[in-house]
Amino acid sequence: MTTTERAHQDEGSAETPEERIARLRTLAAKGAERFAALEAELGPDELADAAARWAAETFGDSLTVACSMADAVLPHVVAAHRPGVDVLFLDTGYHFPETLATRDRVARELDVTVVDVLPERTVAEQDAEHGAKLHDRDPASCCGMRKVAPLKKALGGYDAWVTGVRRDEGPTRAGSPVVTFDEAFGLVKINPLVTWSYDRLMAYSREHSLPENPLLHQGYPSIGCAPCTRPVAPGEDPRAGRWAGTQKTECGLHPGDGGTEADPAAGSSAGSAPAIRTAPVLISLSPTQEDR
């Protein structure tokens with residue numbers, strides 16, 4: 001279904017939740033079949049471009065991109081086909097200063113609309129209710145409250161989300177498809193960069209002079225919240241620095257993506273200034289907003 005057809009359907013009759021899920025499952029199945037075949041024919045760059053173009057043409061305004069602000073490759077790839085696309089950033093309250101600065105650069109320099117997705121509780125409110133440093137004692141619960149629940153609420157306004165999942169990131173993501181139906185969040189999930197290597201990601205970023213988180217060049221190939229992220233030693237798994245010393249390997253944003261392990265409890269220029277959203281967890285970031 002094209003975006004025009006979908007708009008016509010929306011005007012003609014209200015879609016029930018069941019009808020919406022059925023429609024999105026059908027689109028995901030068709031997309032999965034299409035890109036499973038294309039993966040054998042196209043190189044990583046061509047596959048990413050084709051997936052981004054399909055996503056933009058199929059979902060239009062109902063498409064969003066998730067970005068951790070380690071780099072800006074994914075927003076750049078998608079914005080080439082959907083200028084001004086919403087880019088969701090999970091502002092957990094625990095990010096490195098470098099990550100927040102990268103977010104602000106992405107808002108200024110890319111043709112996207114950066115949207116901060118906020119937890120319902122501030123860090124201070126969470127500490128008062130659950131005790132300080134919950135991330136040390138129960139990281140799954142902390143991620144659930146500060147990442148998974150806010151993202152689930154934010155994604156309710158979209159039919160598809162685009163993520164920067166790559167198979168080379170570790171065993172939990174080794175079998176990730178290009179397109180799938182996201183059972184956890186109830187919408188289509190597109191992974192355009194799934195066949196890329198870390199080296200190709202960085203090369204693309206340099207080729208297009210994109211914003212990069214400085215921590216990438218300080219031993220952090222995977223960047224999460226500051227209390228739960230450490231540098232990675234040479235030869236270690238790229239995600240070994242996340243929740244080091246625990247059994248936790250995923251924050252819960254990407255359960256069941258096709259790897260050998262999943263953690264359902266516990267996840268790569270602004271034009272005119274975007275409007276502030278009405279949903280309480282969403283705050284659009286204008287190009288002139290200062291770091292918070």
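Q: Which elements make a right-handed β-α-β unit with strand 1?

A: In this predicted model, the path goes from strand 1 through helix 4 (residues 73–79) to strand 2, and the three make a right-handed β-α-β unit. The hand is read with the strands pointing away from the viewer: a clockwise path over the helix is right-handed. Another right-handed β-α-β unit is made by strand 2, helix 5 (residues 97–109) and strand 3.

Q: How many bridges join strand 2 to strand 1, and how many to strand 3?

A: Strand 1 (residues 63–66) and strand 2 run parallel and are joined by three bridges. One place to look is Thr64, whose bridge partner in strand 2 is Asp86. On to strand 3 (residues 112–117): six bridges join it to strand 2, and these two also run parallel. Here you can find Leu90 opposite Val117 of strand 3.

Q: How many residues of strand 2 are buried, and which way do they point?

A: A residue counts as buried when its relative accessible area is under 20%. In strand 2 (residues 85–90), six of the six residues are buried, so the strand is largely enclosed by the rest of the structure. Val85, Val87 and Phe89 point one way, while Asp86, Leu88 and Leu90 point the other way. Both sets are buried.

Q: Which residues of helix 2 are buried?

A: An α-helix has 3.6 residues a turn, so residues three or four places apart point the same way. In helix 2 the buried residues are Arg23, Leu24, Leu27, Ala28, Gly31, Phe35 and Leu38. Ala29 is also found in helix 2, but at 46% relative accessibility it counts as partly exposed. Ala29 also shows how sequence and space can tell separate stories: Ala29 and Val188 are 159 residues apart in sequence, yet their C-alpha atoms are 9.4 Å apart in space.

Q: How many aromatic pairs does a search of the whole structure find, and how do I read one?

A: Look at the distance between ring centres and the angle between ring planes; planes over 60 degrees apart count as edge-to-face. The search finds five aromatic pairs. In one of them, the rings of Trp54 and Phe59 have centres 5.7 Å apart and planes at 85 degrees, so the pair is edge-to-face. Trp54 and Phe59 are both buried. Ring pairs also link Phe35, Trp54 and Phe59 into a cluster, and Phe35 is one of the buried residues of helix 2.

Q: What is the arrangement of the rings of Trp161 and Phe185, and where do they lie?

A: The centres of the Trp161 and Phe185 rings are 5.6 Å apart and their planes are at 85 degrees, so this pair is edge-to-face. The pair links distant parts of the chain, 24 residues apart: Trp161 is in strand 4 (residues 160–162), and Phe185 is in the loop between strand 5 (179–182) and strand 6 (187–190). Trp161 is buried, with a relative accessible area of 1%, and Phe185 counts as buried at 10%.

Q: Which residue lies over the face of Trp196?

A: That residue is Arg200, at 5.6 Å from the ring centre.

Q: How many disulfides does the structure hold, and how far is the sulfur of Cys228 from the closest cysteine sulfur?

A: Two cysteine sulfur atoms must be within 2.5 Å to count as a disulfide. The structure holds zero disulfides. The sulfur of Cys228 is 6.2 Å from its closest cysteine sulfur, in Cys225, too far for a bond. Cys228 is buried, with a relative accessible area of 16%, and Cys143 is buried at 7%.

Q: Where are Lys133 and Ser209, and what is phi in each?

A: Lys133 has a positive phi, near 55 degrees, in a residue other than glycine. Lys133 is in the loop between helix 6 (123–130) and helix 7 (134–137), and counts as exposed at 52% relative accessibility. Ser209, not a glycine either, has a positive phi of about 50 degrees. Its place is in the loop between helix 9 (198–207) and strand 7 (282–284), and Ser209 is exposed, with a relative accessible area of 60%.

Definitions and conventions: Residues numbered from 1 in each chain as written. Predicted model: local features only at pLDDT ≥ 70, side-chain atom pairs only at ≥ 80, totals over all residues. Heavy atoms only, no water. Buried < 20%, exposed > 50% of the residue type's maximum accessible area, 1.4 Å probe, protein only. Helix = DSSP H or I, 4+ residues; strand = E, 2+ residues; numbered from the N terminus. Pairing = 2+ DSSP bridges. Phe/Tyr/Trp six-rings, centres within 6.5 Å; stacked < 30°, edge-to-face > 60°. Lys NZ or Arg CZ within 6 Å of the ring centre and 35° of its normal.
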